Amino acid sequence: MIVLSGGTGTPKLIDGLRAHRPDEEITVIVNTGEDIWISETFVSPDIDTVLYLFSGDLDKTRWWGMIDETYATYNQMKKMGKTELLMLGDRDRATNLIRTNLLKTKSLTDATIDVKNMLGIAANILPMSDDIVTSKIQTPDGELHFQEFWVGKKGQPEVLSFRYDGIENAKISKKVMEALEKEDCVIIGPSNPMTSIGPILALPKMREILKTKKVIAVSPIIGSEPVSGPAGKLMKSRGMDVTSKAVAEFYRDVVDVFVYDVRDTVIDPAEIKEMGIVPVAFDTLMVDFEKREKLAGKVLELFDEI
């Protein structure tokens, strides 16, 4: 089974999937459009969230960073006049330092595999590409790296447009291609469809490959609001309504089943059916492990019906 993932939303679903499938049967293809260099250290936030989920180190109160984290290095650097864009914890920084050193001689895929093995992880965790793809946000004051927009500016600037810098020349990695050739079932998790799932789908040939698979997507929108993150602003910049219907339309050519929240009164299931997609209402607000496990179980049941 393959899961397309960004940070926060999809890792919650993966947490539930682990109650139904052993880790070694789960492959996660992870967004790298938010990767960034911090203090000469290569940081891959979405990959690290997935790594820490499987290693048992993820802080599940925030759904990013590590449990029992300290910030001595960050605070000392700030005291000396060097405030980093991302607040890296000491334990998290160790992961990023090891990755950066590995990248001197290895691809991001191989470095990720080495790190996950060091952490004792059985799941297959793969960056979407070994080529650099960066989500850039165009604002009235200029273009920003996604992290500058979301963390540095707290997502406040008006979004005029966004793009995936480098996507035209990026390739699906060999390991990702091997996984896609092996597996028939793909879950598009409830991460930001624009800058978490979007870069993965924008990779040349990715949508064509997914058309040959059984694909189930879970919406990150309830009513007219995203559960979390800047998806709403980004969707509006593309002239899209902030609705699950708009998300389904974005995934239309690759998705067989679309799961939306049972409380969503904005969505019209008939409109989803007209797209050739099976609509399914379920509780997608994963506020605790029981909800995560139940949603994951429902998604797995739906694969048997495709």
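## Fold and overall shape

Helices (H or I, at least four residues) and strands (E, at least two) are DSSP runs, numbered from the N terminus. By that count, the protein chain has 13 helices and 14 strands. With a radius of gyration (over C-alpha atoms) of 19 Å, close to the 19 Å from the globule rule (2.2 Å times the number of residues to the power 0.38), the chain of 306 residues is as compact as a globular protein of that length. Its C-alpha atoms fill a box of roughly 60 × 45 × 40 Å along the principal axes.

## About the model

This is a predicted model, where local features need pLDDT of at least 70 and side-chain atom pairs pLDDT 80 or more, while totals for chains, interfaces and linings use all residues. Residues are numbered from 1 along each chain as its sequence is written, and side-chain values use heavy atoms, leaving out hydrogens and water.

## Burial and contacts

Of the 306 residues, 56% count as buried, meaning under 20% relative accessible area (1.4 Å probe, protein chains only). Taking contacts (heavy atoms within 4.5 Å) between residues at least 6 apart in sequence, 67% join residues at least 24 apart.

## Nonpolar cores

A nonpolar core is a set of buried Ala, Val, Leu, Ile, Met, Phe, Trp, Tyr and Cys residues joined through side-chain atoms within 4.5 Å. The largest one has 49 residues, of which Leu4, Ile188, Leu210, Tyr251 and Phe258 touch the most other members. Helix α11 (residues 244-251) gives the most to this core, with four residues.

Apart from this core lies another, of 38 residues, including Phe54 and Phe303.

Definitions and conventions. Buried < 20%, exposed > 50% of the residue type's maximum accessible area, 1.4 Å probe, protein only.
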